[in-house]
Amino acid sequence: MTSILLALGVAACGEGNGSAPDEPVAAAQAAVTDEVLAELASIPGLTVVSENPSSIPGTRFFVLKFEQPVDHHDPDGPRFTQKIALLHRSFDAPTSFLTSGYAVNTRRVIEGEVAAMLQANQIYVEHRYYGESVPPGPTYEHLDIEQSASDHHRIVQALRPVYSGRWISGASSKGGMTSIYHRYYYPDDVDGTVAYVSPSTYSPSDPRYVTFIRQVGDPAIRAKLIAYQRALLTRREQIVPMMVAEMADWGLTYDIVGADRAFEFGVLEASFFYWQFCPAHFCEPHLPAPDASDEELLHFYIDYLGAPFNYDDETINVYYGPYFYQSATQLGHPRFDEAPLQDLLRYPGQDQAKNLTPVPVTIPFDYGLMARIEARTWVRGERMLFIYGENDPWSTNPFNARAKNDAFRYIVPDGHHGVGIEDLPEDERLHATSRIFDWADVPFDPALARTAAPLVPEVEEDEGPAARFRLPLR
């Protein structure tokens, strides 16, 4: 296998314009390429699937597969392969260990904020049971946070001897949650963690989200949202067929949940989506009045809130099915505010994760697990940053941190679910950045600290609204 990889590496050294480089330059390039591929090939259980073009200067982009036990309590049992996107700079550079909570897009380079600011390598791991990293069998028997943390532990053990610099883990939303759980089970695997917009939810219908939605933002906007939701439900007989027809243009159907029920769930969650996705004062001018046309009501429902893209068959079977299962068994799920819409609802109490899974949920919810993780993170969580958006409903119950653990929490004023360190007020931004540089053992120059890049959503420009709203956490 090594010889095949080395040949691939030498072939990759060409200029791409038909002209041959000088012999000393070509030899140097080949040597570097051979070293990278040879080192990767030497890691037990790791396979280089391909090397893809990288748009980021000084980097190379590899798609990897890593062999994992389906059940880490039975290491000699069945196996599956887990996809990894590797952005390589140098074996000696720091490494950003991105723990995706979902599938990983390898069609193009996705560079996170930490990798950009540190000029680090980036190891981006697909979550088990998502994308191409699916164990055999029709059920989600081994989809739990301990198994996932053990996946990440084995990857760190395998790759850290090769990538010898400091490691900083973390990601956004469910990926950030995954990084926190990894530290809960394996606190010493990495040198620091940066978790963005990562909630701690206590039950499969957590009422604290209702309290948040009733208090967030401007009261006038909250009132307009309720009026908008009621207008949608009042005119559902006209609007649901319009929604179904428009979604059919995207190839989306609603056989699992049913179009009417999917529509109602989307309306019920409209206020949640609004505060999650919309930057402050961006969407409000476009929010239709109750007497707007059916077309205007539906346009905002689809294009600004992305509401129909959470309950279609493809979403449940391909994208969010495992997430809903995890939410129904361990991660928890919000309760949505039905009170202002009660007289117009046909499916009250049904918008729960257990009703949105592609396989039946046969195990009870693990009450107390998230509270235990939250408590231990507060007491023992060292070298951790938590970044939240003030208006983001997923900030309802943020993780806490203690300075004596070199751990800190920041909240971006008026921030939504896409916030990063770059969005913090200047003093907090510099403080957070300085902690990351310190953990990574990289000299920190405040004058150069704006090299940080914002997080980039995993959406191709030609994928349209369906992809835009298939972002963590929903």
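**A first look at the structure**

Reader: Which residues does R435 touch, apart from those up to four places away in sequence?

Author: R435 touches L385, D406 and F408, with residues up to four places away in sequence left out. Contact here means heavy atoms within 4.5 Å. This is a predicted model, in which local features need pLDDT of at least 70 and side-chain atom pairs count only at pLDDT 80 or more, while totals for chains, interfaces and linings use all residues. Residues are numbered from 1 along each chain as its sequence is written, and side-chain values use heavy atoms, leaving out hydrogens and water.

Reader: Why is R435 called buried?

Author: Its relative accessible area is 16%. Buried means under 20% (exposed is over 50%, partly exposed in between, with a 1.4 Å probe and protein chains only), so R435 qualifies.

Reader: Where is R435 found?

Author: In helix α15, residues 426–440. Helices (H or I, at least four residues) and strands (E, at least two) are DSSP runs, numbered from the N terminus.

Reader: What makes β6 and β7 a pair of strands?

Author: Two strands pair if DSSP finds at least two bridges between them. Five bridges join β6 (residues 167–172) to β7, and the two run parallel, so they pass that test. Within this pairing, I168 stands opposite G192 in β7.

Reader: How many bridges join β7 to β8?

Author: Four, and these strands also run parallel. Here A195 stands opposite F386 in β8.

Reader: What makes β7 mostly covered?

Author: Five of the five residues in β7 (192–196) are buried. G192, V194 and Y196 point one way, T193 and A195 the other. In general, side chains in a regular strand alternate between the two faces of the sheet.

Reader: What makes a nonpolar core, and which members of the largest one touch the most others?

Author: A core is a set of buried Ala, Val, Leu, Ile, Met, Phe, Trp, Tyr and Cys residues joined through side-chain atoms within 4.5 Å. The largest has 55 residues, and Y228, L232, F263, Y274, F300 and Y301 touch the most other members. A second, separate core of 23 residues includes L40, F97, V156 and Y163.

Reader: How many residues of α13 are buried?

Author: Eleven of eleven, and they pack against α4, α5, α12 and α14.
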